[in-house]
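Hi,

Here is the structure I promised to pass on. Have a look at it first, then read my notes below.

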Amino acid sequence: MKKIFVMLALALGTVSAFAQNEPDTVSAEKNNVTLVKDVYPQQEDGDLYHGLTRKLTFDRMVPPYGLEVTYDKTTHIIFPSAVRYVDLGSPNLVAGKADGAENVIRVKAVVKNFRDETNMSVITESGSFYTFNVKYADEPLLLNVEMKDFIHDGSKVNRPNNALDIYLEELGCESPKLVQLINKSIHKENRRHVKHIGSKAFGIQYLLRGIYTHNGLLYFHMQIKNSSYVPFEVDFVTFKIVDKKVMKRTAIQEQVIFPLRAYNYATVVAGNKEERTVFTLDKFTIPADKVLVVELNEKSGGRHQSFTVENEDIVRARVINELKVK
């Protein structure tokens, strides 16, 4: 009996030794798939992304600008278009739009001599995304900074310091940069496709030169001609759909349409001069018993102009297939 116990002990020891000497990589086949033990190794190399996760590479990065701020002075940043969004990475910073200016951001430090670097991100109306790495400095080298509107040329080695792929809610699936290029192209081409819509009185002529459409948006090309010697100051321009039977001054059944963009918006037309503006509007159609009324109002004056647009004019809008912008 003693010999039997000794033989069992030797057998168990041998099995344990083989189990301890088994290599770390164990393969097993299941459904013709080989499972390897160290597909997801412990992060000995410091890399947290293994397996099926792709790492972000530097060509995907929007390079940040370096910005210095201080406690006793304000840093101002001037952008090419109106600012829509600002995010601060730390409570050590405070930022906001400058009073009366849509494209100027002021930044200050809330705490003196904060040590940790932080960041700030800005999105503008043109669809551009800017990012800054912010540090504290007793005397910042640059207090007033003007940002340029860089354009990505598609090359990985020549990326801009702002991305132009931000889509804004009011423009739907249209890129803000493309809207800007379409407006610029229409204004530069300056063709008059519509020749029967406009108004003229008191030496002022207000014309609709063309209606265009692209990707769910409408573009109205307008022109103001001032044949008098008195400058014409624009107060505001309104677009509203009204009933044909109540077109006279009334608010009954009015539907106001607010332009999404205005390219080269004219505020003053000098004597014997003319100005053109391209308005971008969301797509709409006009019921049979209604018309679109476009009104141009003079500031501190009475030389107001207005004309009407029928639904048949809207549905005949010219489709934009190519851009000619240089």
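Strand S19 contributes the most to the lining of the largest cavity, four residues in total. Strands here are DSSP runs of E with at least two residues, and helices are runs of H or I with at least four, both numbered from the N terminus. Before going on: this is a predicted model, where local features need pLDDT of at least 70, side-chain atom pairs count only at pLDDT 80 or more, and totals for chains, interfaces and linings use all residues. Residues are numbered from 1 along each chain as its sequence is written, and side-chain values use heavy atoms, with hydrogens and water left out.

Back to that cavity. Its volume is about 70 Å³, counted as the space filled by probe spheres set on grid points joined across faces, edges and corners. A cavity is a set of points on a 1 Å grid over the protein atoms alone where a 1.4 Å probe fits but cannot get out, and lining residues have an atom within 4 Å of a point. Of the 13 lining residues, Tyr-206, Ile-224, Val-237, Thr-277 and Phe-279 sit closest to the centre. Strands S14 (217–226), S15 (232–243) and S19 (273–282) each provide at least two lining residues.

Now for Arg-192, in the loop between helix H2 (176–189) and strand S12 (198–201). Beyond its neighbours within four places in sequence, Arg-192 is in contact (heavy atoms within 4.5 Å) with Leu-207 and Arg-209. The C-alpha atoms of Arg-192 and Leu-207 are 9.5 Å apart, with the two residues 15 apart along the chain.

Cheers

Technical notes
On a 1 Å grid over the protein atoms alone, a cavity is a set of points where a 1.4 Å probe fits but cannot get out, and a pocket is an open set with protein on both sides within 12 Å along at least five of seven lines; lining residues have an atom within 4 Å of a point.
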